[in-house]
Amino acid sequence: MTSPTSAVPTPDCDLCPRLVEFRHDNQAKYPDFFNAPVPSFGPLEAQVLVCGLAPGLKGANCTGRPFTGDYAGDLLYPTLKTFHFATGEYGARADDGFELVNCRITNAVRCVPPQNKTTGPEEKACRPFLIDEMKAMPNLKAILALGGVAHNAVIQTLGLKKSQWKFGHNARHELGDELPILFDSYHCSRYNTNTGRLTEEMFHDVFRSLCEEL
Ligand code: URA
């Protein structure tokens, strides 16, 4: 049996002019960084897809692995390990040997945006890659959206209406027959954890809900 595959943006993807310009600036400024659309991480056979926002400049955009080297990864990866979705030691490097189990991680937008902020057209341009990601996961049962942008990207990618499916922390959305269950969490960003909007306990509660689904 052949393994499933998903379509990925090419390293020089030119769908978003602002992100291409930022990539070129970063290639000049940080020549040792990955500086390209960051591919998803984890097995396509997984039941769970975690969807983040976009790579951080000096994190995933540097290492080439989602959330790796980003502050947000310092909460996400240990949490995945606690809930048995990962093995090995997370070392904030793409070659740390850390592996995901029954879980895959992607981003709503694959390229690093200036000031960590994506635009509507960029989110739309990247949607085909999210569609392919979902289609390439034959056992997909649940999606965990980290933050409102990821939530809306999943909803719109599935052809559903944003107005009917509102983001809510620790919400569980039954989107319809044959569709994965969508869980939401506040993004595990530095801002959200520093301000107390998201605590480790709150994040773990979301993972407890997710695990009950599997
Ligand atoms: N934040 C995200 O949402 N995704 C990453 O890959 C890194 C940080």
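Modeller: Let's start with a word we'll need: contact means heavy atoms within 4.5 Å. By that rule, and leaving aside neighbours within four places in sequence, Ala36 is in contact with Pro11, Arg23, Asn61 and Arg110. Keep in mind that this is a predicted model, where local features need pLDDT of at least 70, side-chain atom pairs count only at pLDDT 80 or more, and totals for chains, interfaces and linings use all residues. Residues are numbered from 1 along each chain as its sequence is written, and side-chain values use heavy atoms, with hydrogens and water left out.

Colleague: Okay, why is Ala36 called buried?

Modeller: Buried means under 20% relative accessible area, with exposed over 50% and partly exposed in between (1.4 Å probe, protein chains only). Ala36 has 10% relative accessibility, so Ala36 counts as buried.

Colleague: And why does Thr106 count as buried?

Modeller: Thr106 comes out at 1% relative accessibility, so that one is buried too. Thr106 sits in strand β4 (residues 103-107); helices (H or I, at least four residues) and strands (E, at least two) are DSSP runs, numbered from the N terminus.

Colleague: What makes the pairing of Thr106 and Ser40 a polar contact?

Modeller: A polar contact is a pair of N or O atoms within 3.5 Å; within protein, one must be able to donate a hydrogen and the other to accept it, and residues adjacent in sequence count only if both atoms are side-chain atoms. The side chains of Thr106 and Ser40 are joined at 2.9 Å, and the side chain of Thr106 also makes a polar contact with that of Arg110, at 3.5 Å.

Colleague: On to helix α7. Which of its residues are buried?

Modeller: Phe203, His204, Val206, Phe207 and Leu210 are.

Colleague: How do you know that they are on the same side of α7?

Modeller: They cover an arc of only 155 degrees around the axis, so they end up on the same side of α7. The arc is that of the directions from the helix axis to the C-beta atoms. Among what covers these buried residues are β1 and α3 (71-82).

Colleague: What is the volume of the largest cavity?

Modeller: About 100 Å³. On a 1 Å grid over the protein atoms alone, a cavity is a set of points where a 1.4 Å probe fits but cannot get out, and lining residues have an atom within 4 Å of a point. Of the 14 residues lining the largest cavity, the closest to its centre are Cys13, Cys16, Leu19, Cys111 and Cys126.

Key:
On a 1 Å grid over the protein atoms alone, a cavity is a set of points where a 1.4 Å probe fits but cannot get out, and a pocket is an open set with protein on both sides within 12 Å along at least five of seven lines; lining residues have an atom within 4 Å of a point. Grid points are joined across faces, edges and corners, and a volume is the space filled by probe spheres set on the points.
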